[in-house]
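Subject: Structure handover

Hello,

Here is the structure for you to look at. Please open it alongside the notes below.

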Amino acid sequence: MSHLGPIAWPPEPIKTERLVLRESEARDRAAFIDLLASPEVHTYLGGPIARDKLERETPEVPERWPGSFVVELDGAMIGQILLRRATEHRRPAAAGKADLGYLFMPQAWGFGYAAEACTAALDWFDGVLPGEPVVLTTQSANVASMRLAAKLGFIEVERFEAWDAEQWLGMRPPATPAA
Ligand SMILES: CC(C)(COP(=O)(O)OP(=O)(O)OC[C@H]1O[C@@H](n2cnc3c(N)ncnc32)[C@H](O)[C@@H]1OP(=O)(O)O)[C@@H](O)C(=O)NCCC(=O)NCCS
């Protein structure tokens, strides 16, 4: 994965009904370590990263790059949304396209926060890179992620085997400009 390319970054914090999306800050470091060390979060993502490795290697301001949003609820980080560009090593249908990822803390699952935050991030994306589709890869066994992808308007492109599991590649067609 590489970055989205030349875009204005960071945007003003994006406010939704319940959440704020913003770039990462030094104060998010502990939450990032919790998120990346969580076995539950990584059930369908190839397993967590060891906490002691994260403690050693996580920069003071983690994951600060164009397209990486911290999702905040009542002032605390509950998740991360990632919009990156899929590299040429990916499936041909995905290569070069913007790719959506999402990771939320287990305590925050099941309240619709992921859908609310991803919708806002995709709206932002449509504003900065209008007319571009977005792709998403998830294990088909990851029911919550599959439901979320469908809710966000992703449509199946193909299923394929990788990383010892069936993967689902979905695409969200570009927003059509209002007539
Ligand atoms: C994927 C993830 C962000 C979804 O979070 P969430 O809080 O469940 O999302 P939402 O509350 O917005 O709900 C999305 C939908 O999934 C459903 N859902 C959530 N958990 C579910 C589960 N265990 N089984 C079935 N459906 C589930 C919700 O009910 C909702 O569908 P609905 O609106 O039709 O009811 C969260 O589970 C997560 O962070 N998982 C770990 C990281 C990951 O696997 N990311 C995917 C790779 S990019």
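Predicted model: local features only at pLDDT ≥ 70, side-chain atom pairs only at ≥ 80, totals over all residues.

Residues are numbered from 1 along each chain as its sequence is written, and side-chain values use heavy atoms, leaving out hydrogens and water.

**Sheet**

Eight strands make an open sheet with mixed pairing. Their order is E1-E2-E3-E4-E5-E6-E8-E7. Strands (E, at least two residues) and helices (H or I, at least four) are DSSP runs, numbered from the N terminus. Two strands pair if DSSP finds at least two bridges between them. Strand E1 (14–15) and strand E7 (155–162) are the edges, each pairing on one side only.

Ile 14 has Leu 21 in E2 as its bridge partner. E7 and E8 form a hairpin, with two residues between them.

**Arg 22**

Arg 22 belongs to strand E2. Arg 22 is buried, at 7% relative accessible area. Buried means under 20%, exposed over 50%, partly exposed in between (1.4 Å probe, protein chains only). The side chain of Arg 22 makes a polar contact of 2.9 Å with that of Asp 28. A polar contact is a pair of N or O atoms within 3.5 Å; within protein, one must be able to donate a hydrogen and the other to accept it, and residues adjacent in sequence count only if both atoms are side-chain atoms. Leaving aside residues up to four places away in sequence, Arg 22 touches several others, among them Pro 13, Ser 68, Phe 69 and Glu 72. Contact means heavy atoms within 4.5 Å.

**Helix H4**

Which residues of H4 are buried? They are Ser 145, Met 146, Leu 148 and Ala 149. Seen down the axis of H4, they fall within an arc of 165 degrees, so they line one face of the helix. The arc is that of the directions from the helix axis to the C-beta atoms. These buried residues pack against E5, helix H3 (113–128), E6, E7 and E8. On the other side, Val 143, Ala 144, Arg 147, Ala 150 and Lys 151 are exposed. Just after H4, Gly 153 has a positive phi of about 95 degrees.

**Ligand**

There are 20 residues around the ligand. Phe 104, Gly 110, Gly 112, Asn 142 and Lys 151 come nearest. Near means that a heavy atom of the residue lies within 4 Å. A backbone N or O atom of Gly 112 is 2.6 Å from a ligand oxygen. For an N or O atom in the side chain of Arg 147, the distance to a ligand oxygen is 2.9 Å. For one in the side chain of Trp 109, it is 3.2 Å.

**Backbone**

Most residues other than glycine have a negative phi, and most peptide bonds are trans. The peptide bond from Trp 9 to Pro 10 is cis, with omega near -10 degrees. Pro 10 sits in the segment before E1. Trp 163 lies in the loop between E7 and E8, with a positive phi near 50 degrees. Trp 163 is exposed, at 63% relative accessible area. Asp 164 is in the loop between E7 and E8, with a positive phi near 60 degrees. Asp 164 is exposed, at 83%.

Best wishes
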